[in-house]
Amino acid sequence: MPPGGRPYKTPGKVPLRPTGGRKCTGCGVCVERCPVQAIPAGRPRQTDPQKCIACGRCIVVCPARARRFGGLLYKIVRRKFVKAYSVRKEPDIYV
């Protein structure tokens, strides 16, 4: 069976959550644009870990660039990701 074939893995919860930093102005753009309403309106620097799907939309829409992923787990995952995917790989073709 070629790589990527069935059966697929069952997806699990992503343990990474973006949070707002000191640059946060409280404008509420991230609150409005979060697809799962994981950012409380009264506390836009925080993220509800039960609702967040780690899509990163809040990071992209933040005009102050205050939201980001962080923490030790993120640094470990980032290092592995960069190492594994920094070199271009040609696609495998199966006939």
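Ala54 is buried, with a relative accessible area of 17%, where buried means under 20%, exposed over 50% and partly exposed in between (1.4 Å probe, protein chains only). Ala54 sits in the loop between α1 and α2 (57-61), and its phi is near 55°, a positive value in a residue other than glycine. This is a predicted model, in which local features need pLDDT of at least 70 and side-chain atom pairs count only at pLDDT 80 or more, while totals for chains, interfaces and linings use all residues. Residues are numbered from 1 along each chain as its sequence is written, and side-chain values use heavy atoms, with hydrogens and water left out.

**Confidence and elements**

- The mean pLDDT of the protein is 88, and 94% of the residues score at least 70; pLDDT is the predictor's confidence in each residue, from 0 to 100.
- Confidence is highest in helix α1 (residues 29-33), at 96, and lowest in α3, at a mean of 90.
- Helices (H or I, at least four residues) and strands (E, at least two) are DSSP runs, numbered from the N terminus.

**Nonpolar core**

- The largest nonpolar core has seven residues in all: Cys30, Val31, Cys34, Ala38, Ile39, Cys52 and Cys58.
- A nonpolar core is a set of buried Ala, Val, Leu, Ile, Met, Phe, Trp, Tyr and Cys residues joined through side-chain atoms within 4.5 Å.
- In soluble globular proteins, nonpolar side chains tend to be buried together.
- Ala38, in the loop between α1 and α2, counts as buried because its relative accessibility is 2%.
- Ala38 and Ile53 lie 15 residues apart in sequence, with 8.5 Å between their C-alpha atoms.
- Val31 belongs to helix α1 and touches Ile39, Pro40, Ala41 and Pro44, not counting residues up to four places away in sequence.
- From Val31 to Arg79 there are 48 residues in sequence and 29 Å in space, C-alpha to C-alpha.
- Cys58 is in contact with Pro18, Cys30, Ile39 and Arg67, again leaving aside neighbours within four places in sequence.

**Surface patch**

- Phe81, Val82 and Tyr85 form a nonpolar patch on the surface, and together they have about 350 Å² of accessible area.
- Patches are made of residues with over 30% relative accessible area and no salt bridge, like charges being joined within 9 Å and nonpolar side chains (Val, Leu, Ile, Met, Phe, Trp, Tyr) within 5 Å.
- Accessible areas come from the Shrake-Rupley method with a 1.4 Å probe, and for residues only the protein chains shown count as cover.
- Val82 is placed in helix α3 (residues 72-85) and counts as partly exposed because its relative accessibility is 38%.

**Charged residues**

- The count comes to one salt bridge, defined as a side-chain nitrogen of Lys or Arg within 4 Å of a carboxyl oxygen of Asp or Glu.
- The side chains of Arg88 and Glu90 meet in a salt bridge at 3.1 Å, N to O.
- Arg88 counts as exposed at 66% relative accessibility, and Glu90 counts as exposed at 56%.
- Side chains of opposite charge can pair when their charged atoms come close.
- Arg65 is found in the loop between α2 and β2 (67-68) and counts as exposed at 72% relative accessibility.
- Although Arg65 is not a glycine, it has a positive phi of about 55°.

How values were computed
Contact means heavy atoms within 4.5 Å.
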